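Thanks for sending this one over.

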There are 2 protein chains.
Amino acid sequence: MPTYKAPVNDTVFLLRDVFDYEKYANAPGFSEAPIDVVEAVLSEGAKFVEEVVQPLNRTGDLEGCKRHADGSVTTPKGFKEAYKALVEGGWVGLAGDPKYGGQGLPHFLAVLFEEYQVSANLAFAMYPGLTNGAVAAMMAHASDELKTRFLPKLTTGEWTGTMNLTEPHCGTDLGLIKTKAVPHGDGSYAITGQKIFISAGEHDLADNIIHLVLARIEGAPQGVKGISLFIVPKFLPDADGKPSQSNGVVCGSIEHKMGIHGNVTAVLNYDGAKGWLVGEEHRGLNAMFVMMNGARLGVAVQGLAISEVAYQNAAAYAKDRRQGRSLKGPAEPDKAADLLIVHPDVRRMLLEIRAFNEAARALLVSVALTQEEALTSPDPNVRQAADDRLGLMTPVMKGVFTDCGFMNAVKAQQVLGGHGYIAEWGMEQFVRDARIAMIYEGANGVQALDLVGRKLPKDGGRAVMAFFGEIGQFLAASKADAALAPYRGGLESALGHLQQATLWLSKNGLADPDNAGAASYDYMHLFGLTALAYMWARVVKAALARQAKGDSTPEIDAKLTLARFFNERMAPETGAQFARLTAGAATLMALPAEAF
Amino acid sequence: MPTYKAPVNDTVFLLRDVFDYEKYANAPGFSEAPIDVVEAVLSEGAKFVEEVVQPLNRTGDLEGCKRHADGSVTTPKGFKEAYKALVEGGWVGLAGDPKYGGQGLPHFLAVLFEEYQVSANLAFAMYPGLTNGAVAAMMAHASDELKTRFLPKLTTGEWTGTMNLTEPHCGTDLGLIKTKAVPHGDGSYAITGQKIFISAGEHDLADNIIHLVLARIEGAPQGVKGISLFIVPKFLPDADGKPSQSNGVVCGSIEHKMGIHGNVTAVLNYDGAKGWLVGEEHRGLNAMFVMMNGARLGVAVQGLAISEVAYQNAAAYAKDRRQGRSLKGPAEPDKAADLLIVHPDVRRMLLEIRAFNEAARALLVSVALTQEEALTSPDPNVRQAADDRLGLMTPVMKGVFTDCGFMNAVKAQQVLGGHGYIAEWGMEQFVRDARIAMIYEGANGVQALDLVGRKLPKDGGRAVMAFFGEIGQFLAASKADAALAPYRGGLESALGHLQQATLWLSKNGLADPDNAGAASYDYMHLFGLTALAYMWARVVKAALARQAKGDSTPEIDAKLTLARFFNERMAPETGAQFARLTAGAATLMALPAEAF
């Protein structure tokens, strides 16, 4: 059975040492949470997920969700009790508005806690995760009346939320949505249609489920400009706000899927279900994007989170299992064999995972702080810069963290050899669970197109220029730092490739948009590797400062080795990415469709 | 439900056009099978697996194998009938010795047919695959008496075979084997111990199962030099050769695993089971290596085979599913959306898979022919050169084909978006099934060490020098070929990196063996990419010749585009591989074990 220990120390090191958390001391949003409060909350949260949530991960996978003839769904044993404890502990509403029963802590804290929740149990963490997505969309776009009616229960997690986008014939292409909304004349609508792949779409964890549903109001324009967003509760609340009458939405079936068995994936059939408009008519995608962007960052976190727990279990195995001898001769001649950890190739796999994890966590902390600024800063310039950064990094992190997270789970599984393939060891579940993150909330190819087609050119490239500028400033400011010098190479060469690639794209993408499409996936990964290289340089700087103060730890010391490893063995990939993406679209588009 | 069509045309093109099958017309081993016979056999085999075996792939995965209280195991519905038909069709004994009931066709034909079998159903194909491995080991090492007793039933597949290496405490490190063999004094032994991860270890497909078991004769030397190989039948044959008495080997449990559910993975408990020595005492590894080398090539085939069937289904989906619009504007404005195949990034995924598949199949055909020469050539020089090549390419193909095969299954799954994650579409099964091939028959890190530590230095580097020499000759001989010129770049640069890397290894691996270990995995992949680049150059040459003769097909024309794609987008990886592997071991080995 796998185990898990949340990396609270690392999160706090990143906040305090790398990103100078002190500087936010008086900023709105942050002021409620000085670093010792942050550390205390994360430690409590870590304890909760380690003790209550993680033990349900394997059993939840084995048992899965069961749909009954009446359309109701039972979650795996223990999920209901754990979810109740999560709600009662205030964990769902951690960053929720106190007006609606939330704890009022900063949002970044909820993002960082999300990593631990997912490491412990992805399938379980999706229930509160989707609920918080629904809360965010409603906070941004719903009327006060709807907020008052639904947010108190959603914010605390007593009710849960869902996102209803996909239909059988449309996933990525939401312009094809057919679900209909017919106005009742009293401000409400009758919603009819079929939605598929609805995570947490039906279950027994909460008294009510609030579906956020994209649908087309009768007579609306074709395409994405005719789509509206509706709140459709599973049960209509009565005058006291209690769930009472059933509301014409039924779980028609649930999917049998590769992983996340503990989270139900529902087909939902709406038959004149009562719904209320969120935001403006025909502007539903706009409102849903609030939820989707948060969800995309949340999915990026999933990539990191599974990579982390997979690493911990692979490392433990490598320090316990004896097999073969060190290539240099027996390391422990009195034992029948040496530990796996003596083998360079086993270390390679572990270090590839960890050099990703620690830099990805740094990027996550950085972006979570940026998001907090975007939400709470009184300075419009700060908000704009933060919004820019968030918009730019969301597709990069979603695409790169989930691709790497999956591959890292595969590497961790490989460390266990044959045992990695056997269910009871739990490693193969990490692989199966991690796989979905590359697909949902926009497949990674769609993230790459979002980056190249929308985020790069937006506002004349302001966001990407600011990112390059920040790295340039960091490199210039640390030019004289001799201790940092050995760690700069990876970043300098990655940044060079990324800047050249951006130039190439701006020229060749305009000339032929297929060039942009053909380059997009490698560009996204090149962007991600550069951002991780930048994180390693900043982490090294902070680690060296701690060492200089005589205040280091073995974990902090290890970061210098990990940064070297990243420079030697992970940053070189940017050269191959650059070569591939500048190859252009001609060969890709040469074959006629029937030749495939 | 996935579908499958065996690529017989491609196999025959490779044999005839690329590898000049005609030249073997009078060679022993080949002479029984002129190209039209080869094509007819492959076509018949293709039909059999498409119609009989492939339909059981999804159902076999869903149902899995069931162990009963008495230790017996039931395979999924339909397996028994299909296996009976396979035996009766003579497919198990395709290349078997006619003396023992085999069809006497060349071995290479069985290897090429193996690809189709695995594409259709990996779990099913493992039963005859392991049987043929057992036959090969016995043909090479068993006494005539043992051959006469067991081979007639094994060769035809009426009985099946297994390999029993792994024990709970030892997988890779066979020196740790504890299973004991005590001589009975009559030439037989009593075998006692526990073996785990035994594929096809117990089932209901055949009347008897012949286990090849590694065990330690009482008083044998420690380590790998004290291990012997035994034949241990599930039932002892009576005087008429009929399975009669049970033989002290019981299936104690079966594993619940990530994939290949249709093939049972057994824990086998031997309690004084009667066994007979194969080959010499204490030289069991030697005998088992015959089986393991064949098995490793067979596992390489599995990587290709799953990549091929995954490609076929992803391509079909991309030509059927409509989602979004071409970046250049609607390709089919009268439809609600364009086909997925208009999107460059969807094409990228498909072409990455296919540019691997077709080159990998070329390498497989080349090596299968080489293996035939190693087995049958009357010329000792030819045999030696063929043995060298086979030994060199076996770990490369096992490691690279299975890593790429798995990743290609993941890419193919990605093409289907959310549907790729849902069991009923069958793509996620390909991913789960493909995953085992990276682990069994020696995890891929072990293959990399075998390449770097054994195969490279063997006989003063004779094998690798011959390989470089052959490519050098090809490049020199085709220097003036203007039509080929645009396709040489990838091969030239890959070969350059590989030769430099080999030089680096020969220097630095001697100075510190951990450098060899640290470089091994990237070196193996660099070797594989170079071999694939060489295959593309040879395929292009043959395709151009067909075009020059006015005798091309759309499939052959497509190869020129695929070769360009390989050069532009896959060969550049060799630069990154070279950079990584020359980084050396220092950083890898720097952290103390407890820092992991």
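How much of the accessible surface of chain A belongs to carbon and sulfur atoms?

1. To answer that while keeping in mind that this is a predicted model: carbon and sulfur atoms account for 54% of the accessible surface of chain A, which comes to about 20600 Å² in total.

2. Now for the inside. Of the 596 residues in chain A, 64% are buried, taking buried as under 20% relative accessible area.

3. On overall form, a compact globule with 596 residues would have a radius of gyration near 25 Å, and the 24 Å of chain A agrees with that. The C-alpha trace spans about 75 × 60 × 60 Å along its principal axes.

4. The secondary structure of chain A consists of 19 helices and 11 strands. If you take the contacts in chain A between residues at least 6 apart in sequence, 72% of them join residues at least 24 apart.

5. Next, the pair of chains. Chain A superposes on chain B by a rotation of 180 degrees, with 0.0 Å of shift along the axis and an RMSD of 0.0 Å. The two copies are therefore related as by a two-fold rotation axis. In chain A, Ala576(A) has the C-alpha nearest that axis, at 3.1 Å.

6. Which surface do the copies use to meet? They meet through the same surface, because 100% of the interface residues of chain A are also interface residues in chain B.

Definitions and conventions
Residues numbered from 1 in each chain as written. Chains lettered and ligands numbered in written order. Predicted model: local features only at pLDDT ≥ 70, side-chain atom pairs only at ≥ 80, totals over all residues. Heavy atoms only, no water. Least-squares fit on C-alpha atoms with pLDDT ≥ 70 in both. Contact = heavy atoms within 4.5 Å. Helix = DSSP H or I, 4+ residues; strand = E, 2+ residues; numbered from the N terminus. Rg over C-alpha atoms; globule rule 2.2 N^0.38 Å. Buried < 20%, exposed > 50% of the residue type's maximum accessible area, 1.4 Å probe, protein only. Areas by Shrake-Rupley, 256 points an atom, 1.4 Å probe, with all protein chains shown as cover.
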